[in-house]
Amino acid sequence: MQIEPYNPSHLDAVIRLSLRAWTPVFDSIQKAMNADVYQTFYPDNWRVSQQKAVKDVCAAEDTNVWVAIDAGATVGFVAVKLHSEDSMGEIYMVAVDPDFQGRGIGSALIEFALDRMKDAGMSIAMVETGGDPGHAPARHTYEKSGFELWSVAKYFKKL
């Protein structure tokens with residue numbers, strides 16, 4: 001497995017692997033969240049909004065994106081935003097194809113991103129994820145990479 005800079009030829013594979021990787025996550029979110037709030041967040045199906053989010057991140061000028069390649073196939077990606085004003089690097093988005101999960105690819109992408117942040121002069125790294133069961137593998141990967149949880153409570157109410 002190697003990690004290389006994203007280019008537009010990777011987009012379709014990144015979208016496909018992301019949607020596959022995030023299916024159990026969104027199933028978990030749907031079970032954990034109030035149904036009306038969930039429907040408001042994802043009125044056209046979560047896949048529509050997430051596909052757009054991935055496209056936007058990959059095209060964003062303020063985001064650095066790298067892909068994991070294994071046997072010629074794109075099997076994961078990580079997107080990083082640098083917040084120079086507070087010397088913080090943010091792992092904005094990360095996914096690994098379910099067929100390749102459990103092989104250390106997510107951890108390698110995280111470590112690669114952290115090294116790029118250090119190279120860019122950042123002094124702190126941040127990543128956000130959900131507290132629901134579907135995000136447990138992500139939380140495990142972040143904690144294994146040395147991230148420490150800072151609890152934040154978000155409340156939602158359908159109006």
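**Group meeting: a walk through a predicted model**

Let me start with charge: the protein carries 15 positive and 21 negative side chains, and the centres of the two sets lie 6 Å apart. In that count Lys and Arg are positive and Asp and Glu negative, with His and the chain ends not counted, and the place of a charge is taken as NZ of Lys, CZ of Arg, CG of Asp or CD of Glu.

A word on provenance before I go on. This is a predicted model, in which local features need pLDDT of at least 70 and side-chain atom pairs count only at pLDDT 80 or more, while totals for chains, interfaces and linings use all residues. Residues are numbered from 1 along each chain as its sequence is written, and side-chain values use heavy atoms, with hydrogens and water left out.

Now the overall fold. The secondary structure comprises five helices and five strands, where helices (H or I, at least four residues) and strands (E, at least two) are DSSP runs numbered from the N terminus. Along the sequence, these elements follow the pattern β-α-α-α-β-β-β-α-β-α. The radius of gyration is 16 Å, close to the 15 Å that the globule rule gives for 159 residues, so the protein is as compact as a globular protein of that length; here the radius is taken over C-alpha atoms, and the rule is 2.2 Å times the number of residues to the power 0.38. The C-alpha trace spans about 45 × 35 × 30 Å along its principal axes.

As for the surface, the protein exposes about 9500 Å², of which carbon and sulfur atoms supply 52%; accessible areas come from the Shrake-Rupley method with a 1.4 Å probe, and for residues only the protein chains shown count as cover. Of the 159 residues, 42% are buried, and I use buried for under 20% relative accessible area, exposed for over 50%, and partly exposed for in between (1.4 Å probe, protein chains only). Among contacts (heavy atoms within 4.5 Å) with a separation of 6 or more, 63% are between residues 24 or more positions apart.

Let me turn to some buried positions. Methionine 93 lies in strand S4 and is buried, with a relative accessible area of 10%. Leaving aside neighbours within four places in sequence, methionine 93 is in contact with Trp22, Ala53, Val54, Val57, Phe77, Val78 and Ala79. Its C-alpha atom is 14 Å from that of valine 25, a residue 68 places away along the chain.

Isoleucine 105 belongs to helix H4, residues 105-119, and at 4% relative accessibility it counts as buried. With neighbours within four places in sequence again set aside, the contacts of isoleucine 105 are Met1, Ala68, Val75, Val96 and Phe100. Between the C-alpha atoms of isoleucine 105 and threonine 23, which are 82 residues apart along the chain, the separation is 18 Å.

Which residues does serine 145 touch, not counting residues up to four places away in sequence? They are Ile110, Glu111 and Leu114, and the side chain of serine 145 also makes a polar contact with the side chain of glutamate 111, at 3.3 Å. A polar contact here is a pair of N or O atoms within 3.5 Å; within protein, one must be able to donate a hydrogen and the other to accept it, and residues adjacent in sequence count only if both atoms are side-chain atoms. Serine 145 sits in the segment after helix H5 (136-144) and, at 16% relative accessibility, counts as buried.

Alanine 71, in the loop between strand S2 (63-70) and strand S3 (73-83), has a positive phi of about 50 degrees although it is not a glycine, and it is exposed, with a relative accessible area of 84%. Serine 87, in the loop between S3 and strand S4 (88-96), likewise has a positive phi, of about 55 degrees, without being a glycine, and at 25% relative accessibility it counts as partly exposed.

I will finish with two prolines. Proline 24 is in helix H1, residues 11-32, and is partly exposed at 47% relative accessibility; its C-alpha atom and that of glycine 134, 110 residues apart along the chain, are separated by 5.9 Å. Proline 43 is in the loop between helix H2 (35-41) and helix H3 (46-59) and is exposed, with a relative accessible area of 51%. Proline 43 and aspartate 132, which are 89 residues apart in sequence, lie 21 Å apart in space, C-alpha to C-alpha.
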